[in-house]
Each structure stands twice: as C-alpha cells, then as structure tokens.
Amino acid sequence: MTKVHVIMKKEEIVEEKMKGKIAVVFDILLATSTITCALVDGAKAVIPVPNAEEAHVASNLIKAENHILAGEYEGKTIEGFYDPMPTILKDSIQGKYMILSTTNGTVAINQSKKSK
C-alpha cells in the first residue's frame, strides 16, 4: 500500500524527510501557473528560487540578454523584477530563461529538492 502525505503549507515541509520521496507541488494561485504558462509561451526554462537574493545569484550565472527576473513577495512585485502574472510575462519570455521567486510556490519547490 502506498502512503500519500499532503502538506498544506511550505512551512510544514521538512527537507530531510523529502529524501527518496516523490513530491508534487501545487501553488494554484501563482507559481505553478506562471511556470506552466511561461513554458507554453516559449520560455527556454524556468528556474524557481526561494527569494530575491537567490534570484540575483542565479542571474549572475546566466547571460543578461538570455533571461528575465520575475517575482513577488507577499503579493507585491519585487523591485526591479517583472510582475509574475502570466499575462504580463507572455510577450517578454519567449526564448529566454525565467528566474522566478514567489512567496510560497518557489519556496516549496526549493524545499522539496531532495525528493525524487
């Protein structure tokens, strides 16, 4: 019998307990919708990061013309970043990498990295 554990908040994810598990992250209000739409709209890849500082670190590793920064923190667009709403990103993402930071979804994705 397979056990399924449902975790409702990013704060409940224990990274060490994720080892060897399969994780599926749904952030229905923004992150996973933004990631899906960006890929449909032609993004080369989406790099989810837990916060703005990590976004800048990732940005330094990618050629400036090849990526955009998108993100929000507590519902407000991060200064210097694109608003992460898919309709706003649609015309800016094609052929580029998107480094994405959100309050909940990208944090949960990063806390689940040790899973399969």
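1. The side chains of Glu11 and Lys10 meet in a salt bridge, with 2.9 Å from N to O; the term denotes a side-chain nitrogen of Lys or Arg within 4 Å of a carboxyl oxygen of Asp or Glu. Glu11 is exposed, at a relative accessible area of 56% (exposed means over 50%, buried under 20%, and partly exposed in between, with a 1.4 Å probe and protein chains only). Three salt bridges are found in the whole structure.

2. The model is a predicted one, in which local features need pLDDT of at least 70 and side-chain atom pairs count only at pLDDT 80 or more, while totals for chains, interfaces and linings use all residues. Residues are numbered from 1 along each chain as its sequence is written, and side-chain values use heavy atoms, with hydrogens and water left out.

3. Glu16, Lys19 and Lys114 are linked in a network of salt bridges. The Lys19 to Glu16 pair has an N to O distance of 3.1 Å, and the Lys114 to Glu16 pair one of 2.4 Å. Lys114 lies in the segment after α4 (105–111) and Glu16 in the segment before α1, so this pair ties together parts that are 98 residues apart in sequence. Helices (H or I, at least four residues) and strands (E, at least two) are DSSP runs, numbered from the N terminus. Glu16 is partly exposed at 45% relative accessibility, as is Lys114 at 37%.

4. The largest nonpolar core has 10 residues, including Ile35, Ala70, Leu89, Ile93 and Met98. Such a core is a set of buried Ala, Val, Leu, Ile, Met, Phe, Trp, Tyr and Cys residues joined through side-chain atoms within 4.5 Å. To this core α1, β2 and β4 (97–101) each supply at least two residues. Apart from it lies another core, of nine residues, among them Ala52, Ile62, Phe81 and Ile99.

5. Thr34 lies in helix α1 (residues 31–40) and is buried, with a relative accessible area of 0%. Leaving aside neighbours within four places in sequence, Thr34 is in contact (heavy atoms within 4.5 Å) with Pro84, Pro86, Leu89, Met98 and Leu100.

6. Ile28, in the segment before α1, is exposed, with a relative accessible area of 69%.

7. Glu74 has a positive phi of about 50° although it is not a glycine. Glu74 lies in the loop between β2 (67–73) and β3 (76–77) and is exposed, at a relative accessible area of 57%.
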